[in-house]
Amino acid sequence: MTIMMHKGSRTLDREQLAEIKTPERTRTHWPIPHHEILQETQKTLGQVGYEFKDEEILVSNDNQKFLASFTIDNPRGRWKENNDYSFKMAVMSSHDKSLPVAFFTGTSVFICTNGQWDATFTTRRKHTKNAWDAIYDQLRDLAFKMDEM
């Protein structure tokens with residue numbers, strides 16, 4: 001799996017990610033803290049049996065853009081029977097309105113903050129007032145799609 005920041009980045013752990021300040025919301029833009037996106041993604045998918053490993057977290061030098069990637073396994077999924085087969089997942093977001101909250105999954109995933117991506121399944125949502133409701137639905141849909149593989 002490959003994740004790339006277009007103009008520089010740094011690798012963080014979860015604790016450092018949680019320290020990044022989230023800008024105040026406006027009438028039309030409701031930024032979501034980077035660490036909450038990662039935490040809720042893994043919590044939501046974990047509730048349906050997914051396990052996570054090989055986590056990588058990148059943020060832009062100004063903390064506005066966020067990318068995370070990890071390998072996911074599902075002990076109850078049909079594809080678990082083949083040890084050579086696992087899914088990758090990447091999450092992307094920004095505080096500066098340049099990127100939506102987006103999720104990318106597949107056996108091979110590539111994302112870059114310049115807008116290029118390659119994945120089997122993708123979903124995205126702008127940072128708006130009711131974004132979390134849509135994000136939860138999208139994550140569940142992705143989980144079911146991966147189970148069907």
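Mentor: Two strands pair if DSSP finds at least two bridges between them. Helices (H or I, at least four residues) and strands (E, at least two) are DSSP runs, numbered from the N terminus. The model is predicted, so local features need pLDDT of at least 70 and side-chain atom pairs count only at pLDDT 80 or more, while totals for chains, interfaces and linings use all residues. Residues are numbered from 1 along each chain as its sequence is written, and side-chain values use heavy atoms, with hydrogens and water left out.

Trainee: How many helices and strands does the chain have?

Mentor: Along the sequence, the elements come in the pattern β-β-α-α-β-β-β-β-β-β-β-α. Counting them gives three helices and nine strands.

Trainee: How many bridges join strand 3 to strand 4?

Mentor: Strand 3 (residues 51-59) also pairs with strand 2 (residues 10-11), running antiparallel with two bridges; there, threonine 11 has leucine 58 as its bridge partner. Strand 4 covers residues 65-73, and its isoleucine 72 stands opposite phenylalanine 52. Strand 3 and strand 4 are antiparallel, and the number of bridges joining them is seven.

Trainee: Which residue in the turn has a positive phi?

Mentor: Strand 3 and strand 4 form a hairpin, with five residues between them. The phi of about 65° in this turn belongs to asparagine 63.

Trainee: How many aromatic pairs are there, and what kind is the pair of phenylalanine 52 and phenylalanine 70?

Mentor: Rings of Phe, Tyr and Trp (its six-membered ring) pair if their centres lie within 6.5 Å; planes under 30 degrees apart are stacked, over 60 edge-to-face, and the rest tilted. The count is two aromatic pairs. For phenylalanine 52 and phenylalanine 70, the centres are 5.2 Å apart and the planes stand at 80°, so the pair is edge-to-face.

Trainee: Which parts does this pair tie together?

Mentor: The two residues are 18 apart in sequence.

Trainee: Is phenylalanine 70 buried or exposed?

Mentor: Buried means under 20% relative accessible area, exposed over 50%, and partly exposed in between (1.4 Å probe, protein chains only). Phenylalanine 52, at 27%, is partly exposed. Phenylalanine 70 has a relative accessible area of 0%, so this residue is buried.

Trainee: What kind of pair do phenylalanine 104 and tryptophan 117 form?

Mentor: The ring centres of phenylalanine 104 and tryptophan 117 are 5.6 Å apart, with the planes at 45°, so the pair is tilted.
The pair links distant parts of the chain, strand 6 (residues 101-106) and strand 8 (residues 117-118), with the two residues 13 apart. Phenylalanine 104 is buried at 0%, whereas tryptophan 117 is partly exposed at 35%. The kind of pair is therefore tilted.

Trainee: Which residue's backbone oxygen does the side chain of glutamine 138 reach?

Mentor: Glutamine 138 lies in helix 3 (residues 131-147) and is buried, at 16% relative accessibility. Not counting residues up to four places away in sequence, glutamine 138 touches Thr123, Arg124 and Arg125 (contact means heavy atoms within 4.5 Å). At 3.4 Å, its side chain reaches the backbone oxygen of arginine 124.

Trainee: How far apart in space are methionine 146 and phenylalanine 87?

Mentor: Methionine 146 is found in helix 3 and is buried, with a relative accessible area of 0%. In sequence, methionine 146 and phenylalanine 87 are 59 residues apart. In space, C-alpha to C-alpha, the distance is 8.0 Å.

Technical notes:
Polar contact = N/O pair within 3.5 Å; in protein donor to acceptor, adjacent residues only side chain to side chain.
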